[in-house]
Every structure is written in C-alpha cells, then in structure tokens.
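Please read the report below alongside the sequence and the coordinates. The model is a predicted one.

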Amino acid sequence: MSSESTPSTFSMGKVDLVELANQRAKDHLKVPDLSLRDKVAAACHILFQHRHDSGLAGQISARGEQAGTYWTQCLGLGFDETEAGNLLLVDADLNVLEGDGMANPANRFHSWIYQARPDVNCIVHTHPMHVCALSIIGQPLVVAQMDACMLFDDVEFLADWPGIPVGNNEGEIISRALGAKRAAILAHHGLVVACSSVEESCVVALQCERAARMQLLASHAGEVRQLDPALAKEAHDWTLNKQRTEAAFHYFARRAARAARAADRPVRQGGSARPCREDLHDGWGPPSMQA
Ligand SMILES: [Zn+2]
C-alpha cells in the first residue's frame, strides 16, 4: 500500500471541482488588457485566419462607449486589412461619427439586433464555408461533440432567406430569428453571432464553423448520435466560462500574428502583425455578394 496520503481533492464532487477550477481560472488565467478597437481588429484577423472571410462580405461590430453607437470595419477593406486605426464609429443609422469611409450597408441588421438585445455588445456576421453549406441544404446545426457544446441550445436557424440584409424588414427578421440565443444560421446566407463581448462572439463564431464542418463530415460517415441534454448544458456553461473564452481569444490572436510573421507579411509599426493563412489557403474564389 502506498505511503502517500490521498490528495484532498480526490473526495470532492464534480460540482465542487468545477467551482474550484473556475475560481483558479479567475485567479490565474490572465490576458492582456486591450482596447475595444484592438480587440475588434484582433477578431478580424482571427476570423480571416479561420476562413470566415468571403471577399468583402461579413462584418464585425462592437458597441461604442457612447449609447447608440458601434465600431465596425470600413467597407472596402478585408478582415485581414482591418486595424484598430481604420475602424469606423457609426450610429444606428450608419452615419459615420469617427473615421474615414462608409460602413457596409448590411450593418443595418446589426442596428436591429443591438436595439432588441441590450445584453449584446459584439456582433460577428460571416459567410464561412461549412455553415453556408448547412444553410443551403436547410440543416440546422447539430451539437454532438464536447467542444461544440458551447453552442448547445444556443444556435437558431432562419429557414427562409429574406434577401440581401440592407432593408429594415431583413433586420427585423434576422433579429427575431436570433431571439435570445448567441447565434443563428441564416438560410442561403451565413452566420450571425451576438454575444456579450468581442472575445465571446469571436470564439463562438469559430466554433460554429468547426461544428458545421464536423457535422457535414460525420453525417456522411454515419448517424450522428445525440448528446445527453443535461451533460451538454453542463459542457455549454463550462466552455463559455469568461476566463476560458478570453484566454482562447488571445491564443487565437497570437496564432494569427505568428502565421503572419511566418509568412513574412508586413508588420504594422507598434502593433500586431497582419494575419495570413497561406498555410490554410485552399483557393476559394471571390464571392459575388458583399453582405
Ligand atoms: Zn452576409
């Protein structure tokens, strides 16, 4: 028999161990203190590296410090070209309050979501390939793997395409379809994620695309088995822990910067490296729409 004493946590229940882990994360999982604009730019670079761009289509926005305003990227720049210094501050009517250029007119549906959801501080809208594949076959996302559980019971499906999202009708339809959830797949269109922070919206968006890809792969190989809802909910709350989400965001940001350095792309003076994904590139062609 071992002479070592039994570690004190061996007799603890799972609930207490989860609480202990979350407390340790609060105490020790520290991340850099970035400005809101730096976070938005980093999110653009991360989304680009994970193939969420589709030419000039897609937008990210984050509520500004002043009520009724939000930061977003300038139409004409790709996710990889967006920096903290070229973001625009706009109001809900898309009037530019700060910065040079114009916002994507499709940002109108962001205004509708912000109006309907006071809890939302950042919206990511992209056209990632595998989410779009589900959207054109009318298949809602199936969450059936542990990492993807952050999406469990949190992704709606808009079954009918309302057309380009530049009118108020589309804004109403999309914000209604999203409801109180963190994300929605928009039929024949793409993905919208609406969360309480830039970090959470970005990480959830990446997971949506990864889960969609997994679903498409798995459903061609066999029958997708459902998760126990109680365990899936437990994993949802665990994986969306604030400190874990922020740590994941900053890891993805460092990875995007490393990829840029590896490809010897120009590095902005005093700032983060331009992202790139030559290592991931598969030659997708340009899109025909920019919404
Ligand atoms: Zn779009």
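The sections that follow take up the sheet, the helices, the nonpolar core and a few individual residues.

## The sheet

The strands β4-β3-β2-β1-β5-β8-β7-β6 make up, in that order, an open sheet of eight strands with mixed pairing. Because β4 (96-98) and β6 (155-158) stand at the edges and have a single partner strand each, one side of each is left without a neighbour in the sheet. From one strand to the next, the twist averages 25°.

Strand β2 (residues 69-72) and strand β3 (residues 88-91) run antiparallel and are joined by four bridges. Along this pairing, T69 stands opposite D91 in β3, while W71 stands opposite L89 in β3. Both L89 and D91 belong to the uncovered face of β3, whereas L88 and V90 form its covered face.

## Helices α2 and α6

Helix α2 (residues 36-49) and helix α6 (residues 198-221) have axes that come within 10 Å and cross at roughly 5°. Since angles under 35 degrees count as roughly parallel, that crossing makes α2 roughly parallel to α6. On the side of α2 the contact is made by K39, V40, A43, I46 and L47, and on the side of α6 by V198, E199, C202 and A205. Sorted by class, the contact of α2 with α6 has seven nonpolar and two charged residues, with no polar ones.

Both helices also lie across strands of the sheet: α2 across β1 (59-63), β2 and β5 (122-126), running at about 160° to β1, and α6 across β1, β5, β6, β7 (183-186) and β8 (190-195), running at about 150° to β8.

## The nonpolar core

The largest nonpolar core has 69 residues, and those with the most contacts inside it are L141, L151, V192, V193, C202 and C208. The largest share of this core comes from α6, which contributes nine residues. In soluble globular proteins, nonpolar side chains tend to be buried together.

Which residues surround V193, once its neighbours within four places in sequence are left aside? V193 is then in contact with I123, V124, R182, A183, S201, V204, A205 and C208. Of these, A205 also takes part in the contact of α2 with α6, and C208 is, like V193, among the residues with the most contacts inside the core.

## Individual residues

L17 is placed in helix α1 (residues 14-28) and is exposed, because 11 other C-beta atoms lie within 10 Å and a residue counts as exposed at 12 or fewer. When its neighbours within four places in sequence are left aside, L17 is in contact with T9 and M12.

Two further residues have a positive phi although neither is a glycine: R51, at about 65°, and D153, at about 55°. R51 is in the loop between α2 and β1, and D153 is found in the loop between α4 (129-137) and β6. With 19 other C-beta atoms within 10 Å, R51 is partly exposed, since a residue counts as buried only from 20 or more; D153, with 13 such atoms, is also partly exposed, as that count lies above the limit of 12 or fewer for an exposed residue.

Note on methods. Residues are numbered from 1 along each chain as its sequence is written. This is a predicted model: local features need pLDDT of at least 70, side-chain atom pairs count only at pLDDT 80 or more; totals for chains, interfaces and linings use all residues. Axes are lines fitted to C-alpha atoms, for helices over the stretch in contact, and angles run from 0 to 180 degrees between N-to-C directions. Helices (H or I, at least four residues) and strands (E, at least two) are DSSP runs, numbered from the N terminus. Angles under 35 degrees count as roughly parallel, over 145 as roughly antiparallel, 65 to 115 as roughly perpendicular and the rest as oblique. Two residues are in contact if their C-beta atoms, placed from the backbone, lie within 7 Å. Ala, Val, Leu, Ile, Met, Phe, Trp, Tyr, Cys and Pro count as nonpolar, Asp, Glu, Lys and Arg as charged, and the others, Gly among them, as polar. Two strands pair if DSSP finds at least two bridges between them. A nonpolar core is a set of buried Ala, Val, Leu, Ile, Met, Phe, Trp, Tyr and Cys residues joined through C-beta atoms within 7 Å.
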